[in-house]
Amino acid sequence: MRSDFLVIGGGIAGASAGYFLAASGSVTLLEREAVPGYHSTSRSAALFSEYYGNAVVRALTAASRPFYLSPPAGFTTPLVTPRGVLALGPRGAEDRFDEVLAAGLTAPTPVREIEAAEARRHCPVLRPGWFSRAMLKPAAMDIDVDAVHQGFLRGIRAHGGRVLHPARLLALGRRGGRWHAVTDQGEISAGGVVNAAGAWADEVAAMAGADPVGLTPLRRTAFIVAPPDGAGVTGWPMVNDVTDTFYFKPESGRLLISPSDATPVPPGDARPEDIDVAAAIERVQAATTLRIRHVRQAWAGLRTAAADDTPVIGEAPGTPGFCWLAGLSGYGIQSAPATGQLAAALLTGRPPLLPGRPRIDPAAISPRRLL
């Protein structure tokens, strides 16, 4: 098979890059699992938040907002719906609260510190006295992750591209000015490669003869519980604490809870640990009047991070036509339109397609910074 671009990895990052590349040439997307997005995309908390992450991440997220609010043809709408985040400052964490508040004040829609009584109006189960301060992040939104992901994949196919799954990459090398990938579905020749392989991105880089950048796969646990008897939770915001020990949010009339864990694990099919579920229950019950008696469903996903928790986007040094799009950590979905367009721009030399081009230093996301 011959293609202009080969994208390795069918999660939200690879799907977005493939979507934007499809306007410039033929795309083949390679996904090792039977279902694209199996390890990370389909297991996310599905939140768009311009308050989340460092300055680079927030810039990429802000640049993605126009796409999410007004998606192009081929996407079901709406892709995002209002949610908001209520961030609590537990007693003794005042310094951390001030840091989060200061960062949130720079967002396009700034955070707002609120009184305890208003916080309890937003979420009536908050335990009085557990938190000393609270802030509201009003512009955070839920994302319909499946609609976004499938829209990107449909866009690739609509331009004549191929989405191959399951298709395992066996070898990758460059000769005659082109990349050649050996897969269990045949050999693919391409002019440029996007390494969007998530937890396996360092392995793909090594296969291509590029230096790994030292990515770490991290396990994040989540589970579903029933809401309080008689309570309507649909309108609640996501609730977290500024020290990142838990969060919970409405999910299809129930509550999704996480201990906000980030446990280093080998690349693979992440599974929830009972100890992490128990820790989240204990923390949420301490901060609220919720009584959690039964976990309906638990799962874990992978978020893969660089040492500085900043995405890795750019051509691998000394490896022409091999572009990193990895290390997106927990920010991959909220920033997917911007990161996908940046990867496409790097390979094609064309300007990004979306308005709101992120104003970031290319060196801040380049793989060179990690080598």
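How many residues lie between β15 and β16 in their hairpin, and which residue in the turn has a positive phi? Two residues separate the strands, and Ser252 has the positive phi, of about 55°.

The model is predicted: local features need pLDDT of at least 70, side-chain atom pairs count only at pLDDT 80 or more, and totals for chains, interfaces and linings use all residues. Residues are numbered from 1 along each chain as its sequence is written, and side-chain values use heavy atoms, with hydrogens and water left out.

**The chain as a whole**

The protein chain has nine helices and 20 strands. Helices (H or I, at least four residues) and strands (E, at least two) are DSSP runs, numbered from the N terminus. The radius of gyration is 21 Å, close to the 21 Å that the globule rule gives for 371 residues, so the chain is as compact as a globular protein of that length. This radius is taken over C-alpha atoms, and the globule rule is 2.2 Å times the number of residues to the power 0.38. Along its principal axes the C-alpha trace spans about 70 × 40 × 40 Å.

Of the 371 residues, 57% are buried. Buried means under 20% relative accessible area, exposed over 50%, and partly exposed in between (1.4 Å probe, protein chains only). A contact means heavy atoms within 4.5 Å. Among contacts between residues at least 6 apart in sequence, 72% join residues at least 24 apart.

Two strands pair if DSSP finds at least two bridges between them.

| Strands | Sense | Bridges |
|---|---|---|
| β14 (238–241) and β15 | antiparallel | two |
| β15 and β16 | antiparallel | five |
| β3 and β8 (141–143) | antiparallel | two |

On the β16 side, Pro250 stands opposite Leu255.

**A three-stranded sheet**

An open antiparallel sheet has three strands in the order β3-β8-β4. β3 (47–48) and β4 (80–82) stand at the edges with a single partner strand each, so one side of each has no neighbour in the sheet. Leu47 has Asp142 in β8 as its bridge partner.

**Helix α7**

The 14 residues of α7 (274–287) should span 20 Å at 1.5 Å a residue, and the end C-alpha atoms are 20 Å apart, which agrees. The expected span is 1.5 Å times one less than the number of residues. Buried residues in α7 include Asp276, Val277 and Ile281. Their cover includes β13 (216–225), β15 (247–251), β16 (254–258) and β18 (295–305).

**Two buried residues**

Ser335 is in the loop between β20 (322–326) and α8 (336–348). Its relative accessible area is 2%, so Ser335 is buried. A polar atom of its side chain lies 2.7 Å from the backbone oxygen of Tyr331. Leaving aside neighbours within four places in sequence, Ser335 is in contact with Leu60, Thr61 and Ser64.

Glu118 lies in helix α4 (116–122). Glu118 counts as buried because its relative accessibility is 19%. Its side chain makes a polar contact of 3.1 Å with that of Arg112. A polar contact is a pair of N or O atoms within 3.5 Å; within protein, one must be able to donate a hydrogen and the other to accept it, and residues adjacent in sequence count only if both atoms are side-chain atoms.
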